[in-house]
Structures are given as structure tokens and as C-alpha cells.
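Below is a short briefing on a single protein chain.

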Amino acid sequence: MYAGKARAYTNIALIKYWGKKDERLILPMNSSLSLTLDAFYTETSVSFDETLTEDVFFLDGKKQDLKQTAKISKFLDLVRQKQQLTLFAKVDSQNFVPTAAGLASSASGLAALAGACSEALNLQLTETELSRLARLGSGSACRSIFGGFAEWQKGDSDQTSFAHVIPSDKWEDDLAMLFVLVDDGIKDISSRDGMKRTVETSSFYPGWLENVETDLATAKQAITEKDFNKLGQVTEANGLRMHGTTLAAVPPFTYWSPESLNVMQLVRLARKEGLPCYFTMDAGPNVKILVEKKNLSALKEFLGKQFAEHQLIAAYAGPGIEMIPIERSEEL
């Protein structure tokens with residue numbers, strides 16, 4: 001038996017990844033930039049075992065069906081091919097993230113699985129190599145290998161598409177992100193399906209591609225200059241552009257809910273009242289608000305007039321992937 005375990009933290013894209021140019025290798029249409037956070041993470045253990053006759057996948061203690069297990073097996077097949085290994089595996093994943101609710105659980109989940117596989121088979125991968133491997137499971141997972149700010153450079157091949165840290169002099173330690181959970185249910189349209197439909201049918205998509213590289217350059221400059229308002233403004237604008245592309249897809253769709261729109265308006269009102277904060281959203285209805293740590297309490301108080309305490313979750317800059325020693329009892 002070969003066993004390994006890893007913990008990876010979710011990342012939230014400030015400059016979004018939206019669209020693939022290669023579905024098999026998961027090569028993105030554009031580069032992206034994210035902040036890894038400490039509040040949501042996934043712990044995954046994997047054991048390749050000669051006594052197994054098929055792959056088995058447990059999520060939060062529940063054995064998953066054939067459809068869900070097939071996604072994991074597809075990734076495990078890549079690892080097995082690289083190592084010329086024929087053993088099936090048991091994967092046990094604990095998600096400290098609401099699954100498929102637009103809170104980037106796939107990023108932390110596949111990054112943790114990549115790390116666990118690397119540990120189990122003693123692959124001794126560099127961070128860059130581990131980022132490439134995680135990308136093959138879920139594109140955004142390549143950024144969760146790293147703590148703080150990370151850029152996923154789009155590249156044009158398996159070798160050139162990976163994430164890396166953006167030097168920041170630890171400025172991210174001054175920042176916070178407030179999650180406003182308006183819905184923690186399963187999305188009607190997965191990010192993968194929504195992305196594909198948008199790329200293939202949206203008349204707004206070319207406009208997205210025309211702007212995103214400029215947005216990325218602006219965000220990196222803001223990080224270098226430690227300019228919170230510049231980073232917030234480009235984060236908010238980029239997120240709105242991404243979601244705008246879905247409205248011109250065929251058929252059109254949106255991840256926004258009435259409550260999502262309400263939160264966006266409240267963020268604008270908070271700014272008008274002198275509280276600097278900026279919203280962004282991934283492929284789901286929940287809103288993330290970028291704010292400086294010094295203003296977090298004021299923002300929570302402001303939003304607490306309309307939202308319950310459990311709907312407001314604060315997160316700070318988080319670490320990169322962590323390998324966890326396996327207890328002997330976990331191997332059996």
C-alpha cells in the first residue's frame with residue numbers, strides 16, 4: 001500500500017479564469033490571479049492498495065456514486081500513467097468548504113488530491129510540477145498549491161501552464177475577505193459547463209478576452225504598490241465582466257440571485273459612506289468582499305443589519321499546500 005495525505009486551501013480569483021482553450025489539458029484562455037485564504041480548506045488522503053478492485057471515493061464520510069468517483073478516477077489515471085502503476089485507490093476527502101456553491105471547493109479539493117498522490121507515491125515534485133499536476137484535475141487548483149497571491153500563467157502547453165507566487169512583501173496580511181453566504185446549495189450550472197457554453201456561444205466573450213490581460217497587469221501593479229483601492233476596483237470590474245459574458249450565452253444564464261444583487265448594492269453603499277470594500281463573485285451566488293483588515297469589523301457591523309452572523313464568514317490570507325503525516329490507523 002502507498003498512502004499520503006495533504007491539506008490545501010481554497011483560493012478566490014481576483015482576476016478570473018473563465019474559459020478553456022484545451023479541455024483535455026485544462027489550458028485556460030487567459031491568465032488569472034488569486035488570493036489563497038485560510039477559512040476554507042480540504043484534507044484528502046489517498047491509498048493505492050492491491051486489495052482494491054476499483055477506485056473508491058469518500059467525501060465527508062459518505063461513499064460517492066459512480067459519477068462522482070469517475071471524476072476522481074480520471075485524475076488518478078493520470079497519476080497511474082505517469083508512474084506505470086496499476087493499483088486502484090481509496091480516496092477520503094474532508095471538505096471544509098460548502099461543495100459546489102461558488103466557494104472554490106474544486107480548487108482546494110483537487111490540489112489536496114494532487115498533493116496526497118505525490119506523497120503516497122513519493123513523486124518528490126517541485127511546487128511548479130505539483131501545480132501542473134493539480135491543474136489537470138481542476139484548473140484553479142493549480143493556484144491553491146501556493147499561499148498568498150498567485151498567478152496562473154495560461155501558457156500554451158502542459159509544461160508552460162502553471163501557477164506561481166506573486167511577490168508581495170506580505171501585503172496580503174493586511175487584507176481580509178468577507179464571504180456573504182446567500183446560498184450554500186448545489187449550483188444549477190457547474191462552472192465547467194457554464195464556462196464551455198460561454199466560450200462557445202457568448203457574443204460578449206471576445207470583449208472579456210480583450211480586457212482581461214490589462215486587468216491582470218493592473219492587479220499586479222496594485223500589489224507591487226500596495227494600493228488597496230486600485231486592486232479592489234480592478235477586482236470588482238473584472239468579476240462583473242466575467243459574469244456579463246454569461247448573459248449573452250445561448251441560452252443565457254446567470255449565477256446571480258436577488259440576494260447577490262442586494263449584497264453588491266450594499267457594498268456600493270458602504271463605499272459611498274466611506275468604507276473602502278469591493279465585491280467579487282465566482283461561478284455561484286455567494287459574494288466575496290475584499291476589505292482591509294482594519295475595516296473588517298466595520299464592514300461586518302454594516303452588513304449585520306441585513307444578514308445573520310452565520311452568513312458572514314471572514315477569511316485572511318492562507319498558506320500553500322501542506323503535507324500531513326498519516327496515522328497508522330488511517331492506513332488500515
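The 36 positive and 43 negative charges of the protein chain have mean positions 4 Å apart. Lys and Arg count as positive, Asp and Glu as negative, while His and the chain ends are not counted; each charge is placed at NZ of Lys, CZ of Arg, CG of Asp or CD of Glu. The model is predicted: local features need pLDDT of at least 70, side-chain atom pairs count only at pLDDT 80 or more, and totals for chains, interfaces and linings use all residues. Residues are numbered from 1 along each chain as its sequence is written, and side-chain values use heavy atoms, leaving out hydrogens and water.

**Fold and dimensions**
- The protein chain contains nine helices and 14 strands, taken as DSSP runs (helices H or I, at least four residues; strands E, at least two) numbered from the N terminus.
- The C-alpha trace spans about 65 × 40 × 40 Å along its principal axes.
- Among contacts with a separation of 6 or more, 76% join residues 24 or more positions apart; contact means heavy atoms within 4.5 Å.

**Surface and burial**
- The protein chain exposes about 14,700 Å², of which carbon and sulfur atoms supply 49% (Shrake-Rupley method, 1.4 Å probe; for residues, only the protein chains shown count as cover).
- Of the 332 residues, 54% count as buried, meaning under 20% relative accessible area (1.4 Å probe, protein chains only).

**Ser105**
- Ser105 lies in helix α2, which covers residues 105–120.
- Ser105 counts as buried because its relative accessibility is 11%.
- Thr10 is 95 residues from Ser105 along the chain, and their C-alpha atoms are separated by 6.5 Å.

Notes. Buried means under 20% relative accessible area, exposed over 50%, partly exposed in between (1.4 Å probe, protein chains only).
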